[in-house]
There are 2 protein chains.
Amino acid sequence: MTLAKKKSGKAEILTTAKIILSEKGARNFSMREVARACGKSLSNVQYYYPSLEELLSALFEDVIDDSIQKLNEVIVNDGEELKWLVDLIISNFNDVTLCKLIWEAWVNSANCTNSSYALHDFYIKYIEQVKLIILRKIPDMRDDLAKQKAVMCVALFEGLSVLYTVGKNTFIDFDVNDALYTAAYGIINVE
Amino acid sequence: MTLAKKKSGKAEILTTAKIILSEKGARNFSMREVARACGKSLSNVQYYYPSLEELLSALFEDVIDDSIQKLNEVIVNDGEELKWLVDLIISNFNDVTLCKLIWEAWVNSANCTNSSYALHDFYIKYIEQVKLIILRKIPDMRDDLAKQKAVMCVALFEGLSVLYTVGKNTFIDFDVNDALYTAAYGIINVE
């Protein structure tokens, strides 16, 4: 099999696997189900991903790589990076598939070392990116304090993805972009 | 069967189910597994909880009721409620079983209406409680603004449970109680 064919085979399986996982949840997710949905044999899927753990890890790494890519695009040097970041985050909230996959990654990382490493690396990069944005706003802030504030901002963004999904038609009855920007600004600027 | 016996049967199943779910994750959670661990027959477990969905819903409702109970105890009218709340939240982070169960509730609510209602009610109560704490700090704040800030604080707390678990030995290398208090204070006080 050529490298290109192997790559496209992997990509096809991952795309299908993401849809199944986000629609049916981890409890109903299996190699057999993914194979069926791809129109491949089980052994063909196993050729690319020998175990369910490996498939899940690859899936979460893929979702995480996409998120990091999007984050990198936010840094555009116009002084409004925090605003762009908040807009990106809220638009991601409306991508229910993405949200569900990230939550599955949280739960999965508790029971799978590979997913846990991928998630750990993701947060390291995410926090670093937000730290850069903070230091552009307040260049003389101590580096360790900027990182601490970046951790709190990322926590706020991640937690809001849950609250937004649960309450978008009820208790989230305000301009969420504006409220999130203001809250992040409060975290960054408090002494 | 007496009501008391039925209650204790239910409680025993829920306690065992919580341990299995937090240790093995939703993918390896089944009625059969719970029955085995309780030393009961499958049909006996089904007498109390006819389906897996019903067992999971009852389990999440139980976890959520406990959390609301703990939250209610935080309101002690000494003007330091935000500090007590932050301390409670951080101490809950170290209860890995509780964290995993809450994350499973997030994921499960995406695919199960009953869990989703329970989670929704939980956040309504949680936000209301934090709103009260905010209004004690700043009594003349507009009610809708206090609620909006309460949503952001709860998002911060929930998101930090993920980041804390992923990074407690690496990027969470600062006094997390102090940092969380300061961040929440920043959200509450920003104009």
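1. A helix here is a DSSP run of H or I that holds at least four residues, a strand is a run of E with at least two, and these elements are numbered from the N terminus. Keep that in mind as you look at the structure above, which is a predicted model.

2. Let's begin with chain A as a whole. How many helices and strands does chain A have? Its secondary structure comes to nine helices and zero strands. Reading from the N terminus, the order of the elements is therefore α-α-α-α-α-α-α-α-α. Along the principal axes, the C-alpha atoms of chain A fill a box of roughly 60 × 40 × 30 Å. Chain A has 191 residues, and 53% of them are buried. Buried means under 20% relative accessible area, exposed means over 50%, and partly exposed is what lies in between. You will want those cut-offs for several points below.

3. Next come two labels from a database record. An unreviewed UniProt entry places "domain: HTH tetR-type" at residues 7-67 of chain A. In the model, that span is 80% helix and 0% strand, and its end C-alpha atoms lie 20 Å apart. UniProt, again in an unreviewed entry, puts a "DNA-binding region" at residues 30-49 of chain A. Those residues are 75% helix and 0% strand, with 12 Å between the end C-alpha atoms.

4. Is A:R32 buried or exposed? Its relative accessibility is 61%, so A:R32 counts as exposed.

5. Now look for negative charge on the surface. Which residues gather in the negative patch? They are A:E61, A:D65, A:D66 and A:D121. Helix 4 of chain A, residues 52-74, supplies the largest share of this patch, namely three residues. A:D121 sits in helix 7 of chain A, which spans residues 113-137. With 42% relative accessibility, A:D121 counts as partly exposed.

6. While you are on helix 7 of chain A, look for A:Y117, which is found there too. A:Y117 has 54% relative accessibility, so this tyrosine counts as exposed. A:Y117 and A:F29 are 88 residues apart in sequence, and the distance between their C-alpha atoms is 22 Å.

7. Side chains of opposite charge can pair when their charged atoms come close. Over all chains, a search of the whole structure finds 20 salt bridges. One of them joins A:E81 and A:R136, whose closest N and O atoms are 3.6 Å apart. This pair links distant parts of the chain, since A:E81 is in helix 5 (residues 81-93) of chain A and A:R136 is in helix 7 of chain A, 55 residues away. Are the two partners buried or exposed? A:E81 has a relative accessible area of 2%, so it is buried, whereas A:R136, at 37%, is partly exposed.

8. B:K83 and B:D87 meet with 3.1 Å from N to O. Where do these two residues lie? Both are in helix 5 (residues 81-93) of chain B, four residues apart, which is about one turn of the helix. B:K83 is partly exposed at 36% relative accessibility, and B:D87 is partly exposed at 25%.

9. A further salt bridge in chain B connects B:D143 with B:K131, with 3.0 Å between the closest N and O atoms. B:D143 lies in helix 8 (residues 143-167) of chain B and B:K131 in helix 7 (residues 113-137) of chain B, so the pair ties together parts that are 12 residues apart in sequence. B:D143 is partly exposed, at 46% relative accessible area, but B:K131 is buried, at 9%. Back in chain A, salt bridges with shared partners join A:K24, A:E33 and A:R36 into one network.

Definitions and conventions:
Residues are numbered from 1 along each chain as its sequence is written. Chains are lettered from A and ligands numbered from 1 in the order in which they are written. This is a predicted model: local features need pLDDT of at least 70, side-chain atom pairs count only at pLDDT 80 or more; totals for chains, interfaces and linings use all residues. Side-chain values use heavy atoms; hydrogens and water are left out. UniProt positions are given in the numbering used here, feature names are shortened, and annotations may be inferred rather than shown by experiment. Patches are made of residues with over 30% relative accessible area and no salt bridge: like charges are joined within 9 Å, nonpolar side chains (Val, Leu, Ile, Met, Phe, Trp, Tyr) within 5 Å. Accessible areas come from the Shrake-Rupley method with a 1.4 Å probe; for residues, only the protein chains shown count as cover. A salt bridge is a side-chain nitrogen of Lys or Arg within 4 Å of a carboxyl oxygen of Asp or Glu. Lys and Arg count as positive and Asp and Glu as negative; His and the chain ends are not counted. The place of a charge is taken as NZ of Lys, CZ of Arg, CG of Asp or CD of Glu. Buried means under 20% relative accessible area, exposed over 50%, partly exposed in between (1.4 Å probe, protein chains only).
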